[in-house]
Amino acid sequence: MSRLIVVSNRVQPPGDGGEGAVGGLAMALAAALREHSGVWFGWSGQTIDEYSGQISIQKVGGVTVATVDLEEQDRQEYYNGYANRTLWPLFHYRVDLSAYERSFSEGYARVNARFADALTPLIGPDDLIWIHDYHLIPLAQELRRRGVRNRIGFFLHIPWPARRLLLTLPDHAALVEALFAYDLLGFQTEDSASAFRDYVTGEAGGSVDEDGVAHAFGRTAKFGAFPIGLDVEGFEAAAGGDVARAELERMRASQNGRAMIVGVDRLDYSKGLEDRFLAYEQVLVDHEELREQVFLLQIATPSREEVDAYQEIRARLDAVTGRINGAFATVDWVPIRYVNRGYRRDELAGVYRAARIGLVTPLRDGMNLVAKEYVAAQDPEDPGVLVLSQFAGASEQMGEALIVNPFNREEVAEAIVRGLAMDKAERIDRWRALMDGLRRSDVSAWRDAFVAALAGD
């Protein structure tokens, strides 16, 4: 049986610290690697003075993990630079925030070449190789240059941008050409797959067969939408565990009879947090009767704090939160509880269950598993309501949520009010339909579908 080699920028297998701190994606990939006696390869997260190419191999949670260290220059140019200051904003439709510097693209190419050098000796003749995300787009091309002929798949966890946006990227053709070194390309949504098709046919002078095989740059690559799912069974178990129950009781006590709206996001401009706060403010302006009866808990975990755009969005959110709380708060009620720290997934399960509204309103998102986690955490007898951005990939699968345009604050405000007023029967009907979808398309189904397609089964 073929081994599976998973490659990602960072490696996060389940360890001895408990599964509550590890996401469902890591759990699913780790399960596949154990099943296939595979290897998870990536950057250790550590930097060294001079790159050596030395590989560290160890067993973590029953998974063989192989990592390499990078130089500080690599981290700045490849990770903070090209990956997160060039590609991330562009792929999330923020061309205004994209930074194009030659050193960034040089660092990106250098690290992908270093990954290929380190990975090639680990690859057996029958191994399947599954490469993840925008950090490593050129990796298959580098592996091919080193004689690797195995089947290689690529999955993009973030959106693929519209053709007109991608054209703003210097050397965009070279980036897309690198994708044609893969045998299979996976996107989160049909929208992203369609945008890729449009580039191939409209810009690269290529063609696409009815069965989803793209022809361009003298090569072919099969592509399609493989929407990632949630580990529903694992998350339901977490929601019923002691940690989640304790967190639920804690939240119930702190609510003091008020309805809670919850948002859980990484602190990122793509998540639309400022727009979300303004929409919630609109609720308070338009519905005086809801003041002191509801509050918004926004958990925003800091990330990429070395990147200027992230420092700016944090400052803006601090200011907006302070202004809204200053305008509406009373001596025993604060409209927005704004928390800048991370929580374990089992803790979040309890928080989700306590919330009447799950507010998931990114301006652009590949999928957004928070939407699915919120639904899976609900009490079947008295579930909350999911308000979901039409620009989150999850909206293609979760039509029973209240779907909104996150740029339209009045529309989001109206959805919040509607969710707060929704009767139990409708909430249960919507929740049941959403849960049926989550169970049919869980993370294991996503993983197995992609690996089977890559293997040619």
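Strands E11 (residues 259–266) and E14 (residues 357–360) run parallel and pair over two bridges. Pairing here requires at least two DSSP bridges between two strands. Isoleucine 261 faces isoleucine 357 of E14.

The model is predicted: local features need pLDDT of at least 70, side-chain atom pairs count only at pLDDT 80 or more, and totals for chains, interfaces and linings use all residues. Numbering starts from 1 along each chain as its sequence is written, and side-chain values use heavy atoms, without hydrogens and water.

**The sheet**

E11 and E14 belong to an open, parallel sheet of six strands, ordered E13-E12-E11-E14-E15-E16. E13 and E16 are the edge strands with a single partner each, so one side of each has no neighbour in the sheet. From one strand to the next, the twist averages 20 degrees.

Helices are DSSP runs (H or I, at least four residues), and strands are runs of E (at least two), numbered from the N terminus. H3 has 18 residues and should span 26 Å at 1.5 Å a residue; its end C-alpha atoms lie 26 Å apart, which agrees. The expected span is 1.5 Å times one less than the number of residues. Buried residues (under 20% relative accessible area, 1.4 Å probe, protein chains only) of H3 include Phe104, Tyr108 and Leu119.

The second largest pocket holds about 370 Å³. Among its 19 lining residues, Tyr82, Ser105, Tyr108, Asp171 and Ala174 are the closest to its centre. H3 gives the most to this lining, four residues.

| Helix | Residues |
|---|---|
| H2 | 72–91 |
| H3 | 102–119 |
| H4 | 139–145 |
| H6 | 172–179 |

Definitions and conventions
Axes are lines fitted to C-alpha atoms, for helices over the stretch in contact, and angles run from 0 to 180 degrees between N-to-C directions. Buried means under 20% relative accessible area, exposed over 50%, partly exposed in between (1.4 Å probe, protein chains only). On a 1 Å grid over the protein atoms alone, a cavity is a set of points where a 1.4 Å probe fits but cannot get out, and a pocket is an open set with protein on both sides within 12 Å along at least five of seven lines; lining residues have an atom within 4 Å of a point. Grid points are joined across faces, edges and corners, and a volume is the space filled by probe spheres set on the points.
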